[in-house]
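Hi everyone, thanks for coming. Let's take a few minutes over one model together, starting with its charged residues.

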Amino acid sequence: MRVLLLGAPGSGKGTQGVRIAERYDAEHLSTGDVLRQEVEEDSAIGQEAYPYMQAGDLVPDELIMSIIRKRLTDPDAPQGYVIDGFPRTVPQAKEAYEIADGVGLTLDAAVCLELEHDELIRRLDDRGQAHGRVDDAAEVVRHRIEVYETQTLPLLEYYAGRGILIEIDAIGAVDEVTERIFAALDVVGSSG
Ligand code: AP5
């Protein structure tokens, strides 16, 4: 199974990504986690990415694409993957399709987790207080949501056009959301 997880900041992409990967025996890749790791290691990628991440802006497409290209074209790349937080822009999506098509690893589904603003803000505020992620400050969260709506939401139309968009109501307990996703992906799995 090859799945992308889309959704606003705080919609549960990371939480659900781990569960989906486990159920369908796929590798989970979060571009946000990869970038945070690079920042922690103070690598060249981390140094370039940090100012964008701290401000709640997207890092440049070229930087993200260098990470994705390396993963997808690795001869040991897994056949199944769950990517969360990528793509964030239409150019990223189009380039990823070219790369994946070239290695025979195109997507089965693009799952979008849908949640209202108030709940996104509540979840990220809770996390900010518990773990202190630098981009969970209230004004940065508001900006991240705006960035999502202007730069990432157009992707829904792109994936709907490819016939692989699945929209999931992400309100409710983690287990309830997981059940909705599994129910939808099981249908994809049984028809593929
Ligand atoms: P990224 O790490 O992808 O952050 P994000 O999209 O803002 O998403 P979050 O991690 O905040 O939320 P999530 O949807 O994963 O929800 P989660 O499961 O954590 O990106 C960070 C930055 O990296 C970007 O701003 C950008 O700078 C850069 N970046 C990354 N990818 C990029 C790309 N492709 N292009 C350019 N730049 C890129 O849940 C949130 C909280 O809610 C958690 O505390 C969780 O425990 C809780 N929760 C989850 N589900 C539920 C539930 N059902 N009920 C109650 N609480 C819940």
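**Charges and strands**

There are 12 salt bridges in the structure, each one a side-chain nitrogen of Lys or Arg within 4 Å of a carboxyl oxygen of Asp or Glu. Please keep in mind that this is a predicted model, where local features need pLDDT of at least 70, side-chain atom pairs count only at pLDDT 80 or more, and totals for chains, interfaces and linings use all residues. Residues are numbered from 1 along each chain as its sequence is written, and side-chain values use heavy atoms, with hydrogens and water left out.

Let's look at helix α6, residues 117-131 (helices are DSSP runs of H or I, at least four residues; strands are runs of E, at least two; both are numbered from the N terminus). E119 bridges to R122, with the closest N and O atoms 2.8 Å apart. R122 also bridges to D126, this time at 3.2 Å.

How covered are they? E119 is buried at 16% relative accessibility, while R122 is partly exposed at 43% (buried is under 20% relative accessible area, exposed over 50%, partly exposed in between, with a 1.4 Å probe and protein chains only).

Now strand β4, residues 109-114: 5 of its 6 residues are buried. β4 pairs in the parallel sense with β1, residues 2-7, over 5 bridges, and likewise with β5, residues 165-169, over 5 bridges (pairing takes at least two DSSP bridges between two strands). C112 in β4 stands opposite L6, and its bridge partner in β5 is E167.
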